[in-house]
Amino acid sequence: MVKAASQMFFDVGYAATAIEQVAAKAGVSKVTVYNHFGDKRGLFIATVENECAKMAGHFSIEQAGTGDLKSRLLALGKAMTAFLARPEMTRFELRIAAETEHEPAIGRSFLDAGPRNMRAEFVVMLQSEVEAGRLQIDDLPLAAEQFVSMCKGFSDLERRFGAEADPERNRERIEGAVAVFLNAYGRSD
């Protein structure tokens, strides 16, 4: 049911999708859909959470790999930038933003299942670096947000509005983000 709903919601949008259509596409009754998800909003939230789970398979903190902290942060910045630049990610974010205007719970669900979950994983990585004495950070969630924001930079806005990615500029941006982050939070003892 979630797969059928995802196709409908992301192809035609929330408002234009009817539970009857989803049920027919999934080969179940309308009552079955209501019994599982409560209502259309519940079904949409389930599809958002499912899409976030699928996308998490394309990007994880473990992609930072091994090596020194600088190398791992560079790898993380590159993996994150590549993940966000995927056309399906851009379409997904735009659809969620459009639907959130009418249903704020949808946006909260996306944030919890996607970005906030990834931030929590990054915080765990940063905490281990603090405990190892390589970083000195008082507010781990804020530091995680700062690093991600510096890596995404202006390219995050540009991709949402159809601009072509500039791989060289992205590389420079990520290298700069790592340098600034380590300068701000690296231990110099």
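**Fold and aromatic contacts**

Analyst: Of the 189 residues in the chain, buried residues make up 39%. The model is predicted.

User: How many helices and how many strands does the chain have?

Analyst: From the N terminus on, the elements run α-α-α-α-α-α-α-α-α-α. The C-alpha trace spans about 65 × 35 × 25 Å along its principal axes. The secondary structure comes to zero strands and ten helices.

User: Of the contacts with a separation of 6 or more, what percentage joins residues 24 or more positions apart?

Analyst: The count covers contacts in the chain with a separation of 6 or more. Residues 24 or more positions apart account for 66%.

User: How many aromatic pairs does the structure hold, and what geometry do Phe 9 and Phe 44 have?

Analyst: The structure holds four aromatic pairs. In the pair of Phe 9 and Phe 44, the ring centres are 4.7 Å apart and the planes stand at 85°. Planes over 60 degrees apart count as edge-to-face. The angle of 85° therefore makes this pair edge-to-face.

User: Which helices do Phe 9 and Phe 44 tie together?

Analyst: Phe 9 and Phe 44 are both buried. Their pair ties together parts that are 35 residues apart in sequence, because Phe 9 and Phe 44 lie in separate helices. These are H1 (residues 2–12) for Phe 9 and H4 (residues 40–56) for Phe 44.

User: What about Phe 147 and Phe 181: which helices hold them?

Analyst: Phe 147 and Phe 181 form an edge-to-face pair, 5.3 Å centre to centre with 70° between the planes. Both residues are buried. The pair links distant parts of the chain, 34 residues apart. Phe 147 is in H9 (residues 140–160) and Phe 181 in H10 (residues 167–185).

User: Which residues form one aromatic cluster with Phe 147 and Phe 181?

Analyst: Phe 147 and Phe 181 belong to one aromatic cluster.

User: How are H5 and H9 oriented to each other?

Analyst: H5 (residues 69–85) and H9 pack with their axes 10 Å apart, at an angle of about 25°. Angles under 35 degrees count as roughly parallel. H5 passes H9 in a right-handed crossing. The angle therefore makes H5 and H9 roughly parallel.

Technical notes
Residues are numbered from 1 along each chain as its sequence is written. This is a predicted model: local features need pLDDT of at least 70, side-chain atom pairs count only at pLDDT 80 or more; totals for chains, interfaces and linings use all residues. Side-chain values use heavy atoms; hydrogens and water are left out. Rings of Phe, Tyr and Trp (its six-membered ring) pair if their centres lie within 6.5 Å; planes under 30 degrees apart count as stacked, over 60 as edge-to-face and the rest as tilted. Helices (H or I, at least four residues) and strands (E, at least two) are DSSP runs, numbered from the N terminus. Buried means under 20% relative accessible area, exposed over 50%, partly exposed in between (1.4 Å probe, protein chains only). Axes are lines fitted to C-alpha atoms, for helices over the stretch in contact, and angles run from 0 to 180 degrees between N-to-C directions. Angles under 35 degrees count as roughly parallel, over 145 as roughly antiparallel, 65 to 115 as roughly perpendicular and the rest as oblique. A crossing is left-handed if the near helix is turned anticlockwise from the far one by less than a right angle, and right-handed if clockwise. Contact means heavy atoms within 4.5 Å.
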